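Subject: Structure for your review

Dear colleague,

Please find the structure below, followed by an account of what was found in it. I would be grateful if you could read the two side by side.

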Amino acid sequence: MRNFKKILLLAVAMLAVTGKVCAQTQATGGETPSPVVVPDTGKTQSTEQTQKHRFWDKKNDLLFAGVGAARTFDYFSTLNLRRRGDNEILLTNEVVDNHAAFAAIEAAGTGVSIGASYLFHRYGHHKLERWTSMVHFGLATTALCAITA
């Protein structure tokens with residue numbers, strides 16, 4: 001029953017992440033797309049794309065909170081594994097046993113994710129900006145479920 005809950009949680013998380021990707025429809029074979037007419041407003045297109053949304057909007061806030069929560073859960077689950085005598089896979093046991101250093105590593109991972117998202121936002125790659133947090137959240141929760149299984 002415990003594994004079923006983990007699998008169900010993972011499935012819901014993956015559906016939430018991949019829902020937008022699968023929602024796009026493909027054009028049918030017989031139709032040709034009509035040309036799009038863009039009026040000249042005097043602005044360059046790159047300026048319009050960088051103004052598409054603010055960096056600290058609601059969606060990014062939720063994504064960053066999810067990444068932070070996943071890293072926090074990873075921190076506590078890894079400490080729980082160490083208390084039971086299991087070995088850490090990615091880091092040395094000495095680093096994990098130093099709680100302050102391990103917390104700093106987890107916080108730095110969250111910070112790097114937010115920083116990478118900001119760089120994508122700054123240079124107009126808004127899809128990559130969102131996907132950075134989505135992938136980080138997905139990998140952190142998948143690793144968390146795999147290790148605690």
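Is R71 buried or exposed? R71 has a relative accessible area of 18%, so this arginine is buried; the term stands for values under 20%, with exposed meaning over 50% and partly exposed the range in between (1.4 Å probe, protein chains only).

Before the details, a note on the source. This is a predicted model, in which local features need pLDDT of at least 70 and side-chain atom pairs count only at pLDDT 80 or more, while totals for chains, interfaces and linings use all residues. Residues are numbered from 1 along each chain as its sequence is written, and side-chain values use heavy atoms, with hydrogens and water left out.

Salt bridges

A salt bridge is taken here as a side-chain nitrogen of Lys or Arg within 4 Å of a carboxyl oxygen of Asp or Glu. By this rule the structure has three salt bridges.

One of them joins R71 to E106, with the closest N and O atoms 2.6 Å apart. This pair links distant parts of the chain, since E106 belongs to helix α5 and R71 to helix α3, 35 residues apart; helices are DSSP runs (H or I, at least four residues), numbered from the N terminus. E106 is buried, because its relative accessibility is 5%.

A further salt bridge brings together the side chains of D57 and R130, at 2.8 Å from N to O. D57 sits in the loop between α2 and α3 and R130 in helix α6, so the pair ties together parts that are 73 residues apart in sequence. D57 is buried at a relative accessible area of 16%, and R130 counts as buried at 13% relative accessibility.

The side chains of D97 and R82 also meet in a salt bridge, at 3.0 Å from N to O. Here D97 lies in helix α4 (residues 93-97) and R82 in helix α3, 15 residues apart, and the pair links distant parts of the chain. D97 is partly exposed, with a relative accessible area of 40%.

Aromatic residues

Rings of Phe, Tyr and Trp (its six-membered ring) are paired if their centres lie within 6.5 Å; planes under 30 degrees apart count as stacked, over 60 as edge-to-face and the rest as tilted. A search of the whole structure gives six aromatic pairs. In one of these, the ring centres of F55 and W56 are 5.1 Å apart and the planes stand at 75°, so the pair is edge-to-face. F55 also pairs edge-to-face with Y118, at 5.2 Å centre to centre and 85° between the planes. F55 lies in the loop between α2 (45-50) and α3 (58-83), and Y118 in helix α5 (residues 99-122), so this pair ties together parts that are 63 residues apart in sequence.

F55 is buried, at 9% relative accessibility, whereas Y118 is partly exposed at 39%. One aromatic cluster is formed by F55, W56, F64 and Y118.

Around the end of helix α5

Y118 also belongs to a nonpolar surface patch of about 360 Å², made with L119 and Y123. Patches consist of residues with over 30% relative accessible area and no salt bridge, with like charges joined within 9 Å and nonpolar side chains (Val, Leu, Ile, Met, Phe, Trp, Tyr) within 5 Å. Accessible areas come from the Shrake-Rupley method with a 1.4 Å probe.

R122 lies over the face of Y123, at 5.7 Å from the ring centre; the rule asks for NZ of Lys or CZ of Arg within 6 Å of the ring centre and within 35 degrees of the ring normal. R122 is placed in helix α5 and is partly exposed, with a relative accessible area of 47%. R122 and F55 are 67 residues apart in sequence and 8.6 Å apart in space, C-alpha to C-alpha.

S133 is located in helix α6 (residues 126-148) and is buried at 0% relative accessibility. Leaving aside neighbours within four places in sequence, S133 is in contact (heavy atoms within 4.5 Å) with L63, F64, V67, S113 and S117. F64 is also a member of the aromatic cluster described above.

A65, in helix α3, is partly exposed, with a relative accessible area of 47%. A65 and F137 are 72 residues apart in sequence and 9.5 Å apart in space, C-alpha to C-alpha.

Yours sincerely

How values were computed:
Helix = DSSP H or I, 4+ residues; strand = E, 2+ residues; numbered from the N terminus.
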